[in-house]
Amino acid sequence: MGRFIFWRLIQAIPVIFAVITVTFFLVRSAPGGPFDSEKAVLPEVKRALEAQYKLDLPLHEQYFAYLGDLANGDLGPSFKYPGRSVNEILGSGLPVTAELGFYALCFALMIGVFAGVFAALKPNTKQDYIPMGMAMIGICMPSFLLGPLLVLVFGIQLEWLPIAGWGDLPGDKILPSITLGSAYAAYIARLSRAGMLEILSQDYIRTARAKGLPEWRVVTQHALRGGLIPVIAFLGPAFAGLLAGSFVVETIFQIPGLGRFYVQAAFNRDYTMILGTTVFLSTLIVLFNLVSDVIAAWLNPRLRAQFSRGNS
Amino acid sequence: MAESTASLLLEAEDGSSLWQDAWLRLRKNKAAVIAGIVLLVMVVIVVLTPWIAPYSYEAQNLDLGASPPSSAHWLGTDIFGRDLLTQIMYGGRISLAVGFIATAVALVIGVTWGAVAGYVGGRVDSVMMRFVDILYALPFMIFIILLMVVFGRNILLLFLAIGAVEWLTMARIMRTQVQSLRQQEFVEAAVSLGLPPSAIIFKHIVPNAIGPIIVYTTLTIPSVMLLEAFLSFLGLGIQPPQTSWGLLISYGAETMEEYPWLLIFPGLALTITLFSLNFLGDGLRDALDVRGSKD
């Protein structure tokens with residue numbers, strides 16, 4: 001197991017390095033410098049600014065300077081918000097996005113696993129078709145449509161829940177979490193249904209039933225563990241998707257999280273902010289993929305045996 | 001008697017091709033058939049839009065402003081008094097075009113990449129698939145946004161960027177197909193005839209893997225369309241004066257409190273299309289017996 005984690009970590013490093021390099025040169029190759037637009041700046045002022053942001057150095061020196069800063073955990077200053085560093089902005093947005101993502105994932109897991117397992121217990125009956133039909137709707141209903149519709153119904157018509165904000169009013173975290181999580185609930189429902197169907201037809205489940213275990217114990221103690229491996233493996237990509245989805249949800253609900261900052265940075269052409277956020281989010285996603293792979297491998301007895309053999 | 005047996009045999013032979021079997025199975029799947037018809041109607045409408053749209057695309061009626069659905073404007077009008085049905089029809093042209101063209105880009109890259117990796121095998125294969133694994137681990141949404149920022153919001157780039165993202169799964173599927181096909185006699189025969197590898201891959205292997213390619217293409221189109229709508233919603237995709245369903249939804253969301261129809265109808269158009277594509281894809285997967293799973 002330790003060896004597996006070690007090799008996955010070794011593989012992740014060149015990926016992260018490639019991300020940093022590609023992003024850096026892409027952003028630097030963008031037409032127009034950050035101080036070209038808006039008010040006319042005196043040439044001396046512009047030069048001073050460029051010197052301050054190290055833009056006067058040759059490109060490769062800028063790159064190595066950036067790598068050096070990164071190694072110290074410094075993502076540099078923001079171009080558009082003078083006096084604020086990218087670290088500060090990320091630091092204020094990350095907890096909000098993490099909380100939103102966490103609630104959304106909890107919602108997706110609860111609803112998705114329950115619906116999928118429920119459907120798999122009686123395949124090709126109403127108990128199967130109804131939740132799976134709803135899952136199909138969940139997959140086809142993009143968050144930027146679901147969000148406004150939920151706001152329209154529960155916020156504006158029924159006036160049950162606040163329509164925007166984060167942590168200002170009671171209940172204002174509910175709609176964003178549902179909006180972000182519902183597509184994943186749908187995917188998880190489909191994955192856990194397929195996984196459960198496969199496991200429930202295995203010999204060891206027949207054995208468990210033959211020895212007279214009640215059905216709920218067959219399901220919860222024997223089938224779930226194997227049946228949910230695809231769901232666990234999906235959590236890595238799901239996390240990446242949740243972060244991307246948070247761009248939309250945070251925009252709709254005016255939540256001060258990473259996604260909103262990123263979209264704003266994209267509009268403002270705040271290059272260091274874009275660069276910093278991309279590097280940060282990519283690293284986070286690569287690491288999260290790693291963790292979900294490790295958990296999936298650990299849950300799978302066959303893989304685990306293979307790795308512990310390799311270890312000893 | 002003999003004659004009827006002969007004709008039966010003939011019929012049996014006629015009816016036994018893979019494609020006819022698949023067609024029969026697909027026809028039995030009502031959801032897939034309805035989805036197919038809906039899509040066909042949708043495509044015909046957007047292709048004919050410049051001739052059949054009830055109003056011209058730019059026609060404004062500022063006196064009218066936003067009005068709910070009526071007999072003159074079936075789906076109502078937007079805040080500039082533009083006919084919403086016309087807007088949705090023109091938006092559909094862009095949304096569907098992005099869906100089809102970007103998927104075609106993904107198809108070409110993915111099939112070629114996967115076929116070469118699977119056919120050549122060995123070290124080339126492991127390097128090529130390692131590359132795919134690495135790309136899988138990257139947050140593409142962020143990269144597309146980055147590309148749009150760096151190179152400006154241009155529709156051609158949007159096609160390429162989305163296509164360049166969506167080819168990965170196609171490459172994996174294609175590689176698995178090729179690996180199993182290249183063991184078969186007809187490929188060995190082609191090799192022993194001295195055909196060049198490119199001819200073997202594209203004339204002999206790819207046509208035999210067409211089933212999974214079709215199924216996966218059908219399932220890629222909705223995810224591409226979703227990506228375009230997503231970007232347009234954020235204001236990073238299609239730009240006015242052009243429009244797309246994502247952009248219409250984004251405008252609709254801004255004014256939904258007063259004019260909910262401006263959100264609901266473009267949303268319906270997008271959802272129905274995505275729904276149909278997914279159902280058709282699932283139906284094709286069952287009909288062509290790809291992977292044999294039912295999820």
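**Figure 1. Residues of H7(B) and H11(B) that meet.** B:Leu158, B:Ile162 and B:Glu166 of H7(B) are in contact with B:Thr220, B:Ser223, B:Val224, B:Leu227 and B:Glu228 of H11(B). Two residues are in contact if their C-beta atoms, placed from the backbone, lie within 7 Å. By class, this contact between H7(B) and H11(B) holds four nonpolar, two polar and two charged residues. Ala, Val, Leu, Ile, Met, Phe, Trp, Tyr, Cys and Pro count as nonpolar, Asp, Glu, Lys and Arg as charged, and the others, Gly among them, as polar. The model is predicted: local features need pLDDT of at least 70 and side-chain atom pairs count only at pLDDT 80 or more, while totals for chains, interfaces and linings use all residues. Residues are numbered from 1 along each chain as its sequence is written, and chains are lettered from A and ligands numbered from 1 in the order in which they are written.

**Figure 2. Crossing of H7(B) and H11(B).** The axes of helix H7 (residues 155-166) and helix H11 (residues 210-234) of chain B come within 11 Å and cross at roughly 130°. Axes are lines fitted to C-alpha atoms, for helices over the stretch in contact, and angles run from 0 to 180 degrees between N-to-C directions. H7(B) and H11(B) are therefore oblique to each other; angles under 35 degrees count as roughly parallel, over 145 as roughly antiparallel, 65 to 115 as roughly perpendicular and the rest as oblique. The crossing of H7(B) past H11(B) is right-handed. A crossing is right-handed if the near helix is turned clockwise from the far one by less than a right angle, and left-handed if anticlockwise.

Figure 3. B:Ser250 lies in helix H12 (residues 245-254) of chain B. Why does B:Ser250 count as buried? B:Ser250 is buried because 25 other C-beta atoms lie within 10 Å; the cut-off for buried is 20 or more, for exposed 12 or fewer, with partly exposed in between. Leaving out residues up to four places away in sequence, B:Ser250 touches B:Ser232 and B:Phe233. B:Thr86 is 164 residues from B:Ser250 in sequence, and their C-alpha atoms are 17 Å apart.

**Figure 4. The largest nonpolar core.** This core has 157 residues, and those with the most contacts inside it are A:Ile188, B:Ile144 and B:Ile249. A nonpolar core is a set of buried Ala, Val, Leu, Ile, Met, Phe, Trp, Tyr and Cys residues joined through C-beta atoms within 7 Å. Helix H4 (residues 84-120) of chain B gives the largest share of the core, 17 residues. Apart from neighbours within four places in sequence, A:Ile188 is in contact with residues including A:Ala108, A:Leu109, A:Val231 and A:Phe234.

**Figure 5. The side of chain A that touches chain B.** The contact takes 36 residues from chain A and 30 residues from chain B. H12(A) supplies the largest share of the chain A side, seven residues. That side divides into 27 nonpolar, six polar and three charged residues.

**Figure 6. The two chains.** Chain A has 13 helices and zero strands, and chain B likewise has 13 helices and zero strands. Helices (H or I, at least four residues) and strands (E, at least two) are DSSP runs, numbered from the N terminus. Of the 312 residues of chain A, 38% are buried; of the 295 residues in chain B, 44% are. The C-alpha trace of chain B spans about 75 × 60 × 35 Å along its principal axes.
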